[in-house]
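Visitor: I would like to go through this model with you, one question at a time. Where shall we begin?

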Amino acid sequence: MSDVIETLKQQGSQRLVHGLSDRLARSRRRLEEVPPPQPEGRLSRMVGMTLEAEGIRLPVGGRAAIHTVEGKRLAAEVVGFQGERTFLMPEGKLEGLAPGARIEPLEQARRIPVGPALLGRVIDALGRPLDGAGPIRTAEMAPIEGRPINPLGRAPVTEPLDVGIRALNGLLSVGRGQRIGLFAGSGVGKSVLLGMMTRHTAADVIVVGLIGERGREVNEFIYDILDEEARRRTVVVAVPADQSPLLRQHGAWVATTIAESFRDRGLNVLLLMDSLTRFAQGAREIAMAIGEPPATKGYSASVFARLPQLVERAGNGDRGGGSITAFYTVLAEGDDQNDPIVDSARAILDGHVVLSRAIAETGRYPAIDVGASVSRVMSAVVTPEHQKAAHRFRRLMSTYERNRDLIAVGAYRKGADPALDEAVAMHPRLEAYLAQGRLEKAGFEESRRQLFDLVGLPPSQ
């Protein structure tokens, strides 16, 4: 009997020891999950949009909350540091900040909602809805930094994309997964052309980033240019011009992240970014605010490093997956095609479409200057016969444009140059081919057939 009692005591002690060990292990795991304490800081200086803080230790890209005198919290992001000073850029307005305001660190990873719940919605640079249609009901979140893709793992651009624009389908054929720039000055029909592509492009999902545009233009694009059918498959990220340069930067990243999330689902996405110039100007404002010296026309070196970081995230995904065909509008200030942002974008994109003010003044829309535009992937996505027909069209247009002044002053004499005679005779038909109404759709095969009929080359040649 005594042996049985002793055995029970030993078993009870073992259970007690095991129970204490389990509790100790759970407590240790909970302690390991607790993040290390972050010291708070104080606001020491404010110059323009730049805030200087002391006492916080956050990396570049880290986030913090600044307490205002009204008891509110203003979110800000670390954009640089020097010695013991940390430079922050606010996400909102600066009203209510006072010397010595308390600054506390926030969760570092910035994540936004993604997924089908975004279709038909309008959001801001922080992923918050702007359309008054209630909260975005999705549990899917993604970081705005994106993920790198091995360039050798990307699917090649081999298929044409029907964008519904006759001049682009026929003469500047766009490939699925191509990244192309839309170079234009102000007031030459850039937004209308984007709206036409939004209506007519053969894409599963359309993501539109309206970065740094006037609030009126944002409203008009959503409710006047987009029709109801296009709006149902479109996600709009709107960051008006009165927002901070930090949010203008984030708006472009957010639009790209949303496009990436649909591409990773195997869908074909059309990304329209209006505009790449406003994104670059936001980067310039941040760089100048923290003291980075300008390199070219006020743009610092970091601006030209950020452009490819944004653009390279678009394009085809892994082989067998989806694609992002991206159009980036680039504002040619003063119609200067040698503007540093225009020149940089031309080098990193897979082609460019130039909208001409002179053509727009004649009343022909879209005002695409075919001679100054190029698609670098056209030879990979169309047949040799199609490319030959496009070259013939370009040659006729170029011949006419070179002699426009002679024709205008009456110095042209028929019969002196057979090539010029042909160009003059066909010019009205060439212009008619390039012109297209805002609500008119020109499919890829239709545009191709009309091009062959126009230049007199059979498709089988």
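Visitor: Which domains does the assignment give for the protein chain?
Guide: This is a predicted model. The assignment gives domain 1 as 41–105 and domain 2 as 111–379. The remaining entry is domain 3, 386–455.

Visitor: How many residues does the contact take from domain 1 and from domain 2?
Guide: The C-alpha centres of domain 1 and domain 2 lie 31 Å apart. Contact is counted for heavy atoms within 4.5 Å. On that basis, domain 1 gives eight residues and domain 2 gives nine residues.

Visitor: Which element gives the most to the side of domain 1 that touches domain 2?
Guide: By class, this side has five nonpolar, one polar and two charged residues. Two strands, β4 (73–82) and β5 (85–90), each supply at least two residues to it. The top contributor, with three residues, is β5.

Visitor: What is the geometry of the aromatic pair W253 and F279?
Guide: The rule counts three aromatic pairs. In this pair the ring centres of W253 and F279 are 5.6 Å apart. Their planes stand at 85 degrees, and over 60 is the cut-off, so the pair is edge-to-face.

Visitor: How many residues apart in sequence are the parts that this pair ties together?
Guide: W253 lies in helix α6, residues 245–263. F279 lies in helix α7, residues 276–289. The pair therefore ties together parts whose separation in sequence is 26 residues.

Visitor: Where does S275 lie?
Guide: The peptide bond from D274 to S275 is cis, with omega near 15 degrees. Strand β15 covers 268–274. S275 lies in the loop between β15 and α7.

Visitor: Which loop holds P366?
Guide: Y365 and P366 are joined by a cis peptide bond. Its omega is about -5 degrees. P366 is found in the loop between α10 (357–361) and β21 (374–375).

Key. Residues are numbered from 1 along each chain as its sequence is written. This is a predicted model: local features need pLDDT of at least 70, side-chain atom pairs count only at pLDDT 80 or more; totals for chains, interfaces and linings use all residues. Side-chain values use heavy atoms; hydrogens and water are left out. Domain bounds come from an automatic or database domain assignment. Helices (H or I, at least four residues) and strands (E, at least two) are DSSP runs, numbered from the N terminus. Ala, Val, Leu, Ile, Met, Phe, Trp, Tyr, Cys and Pro count as nonpolar, Asp, Glu, Lys and Arg as charged, and the others, Gly among them, as polar. Rings of Phe, Tyr and Trp (its six-membered ring) pair if their centres lie within 6.5 Å; planes under 30 degrees apart count as stacked, over 60 as edge-to-face and the rest as tilted.
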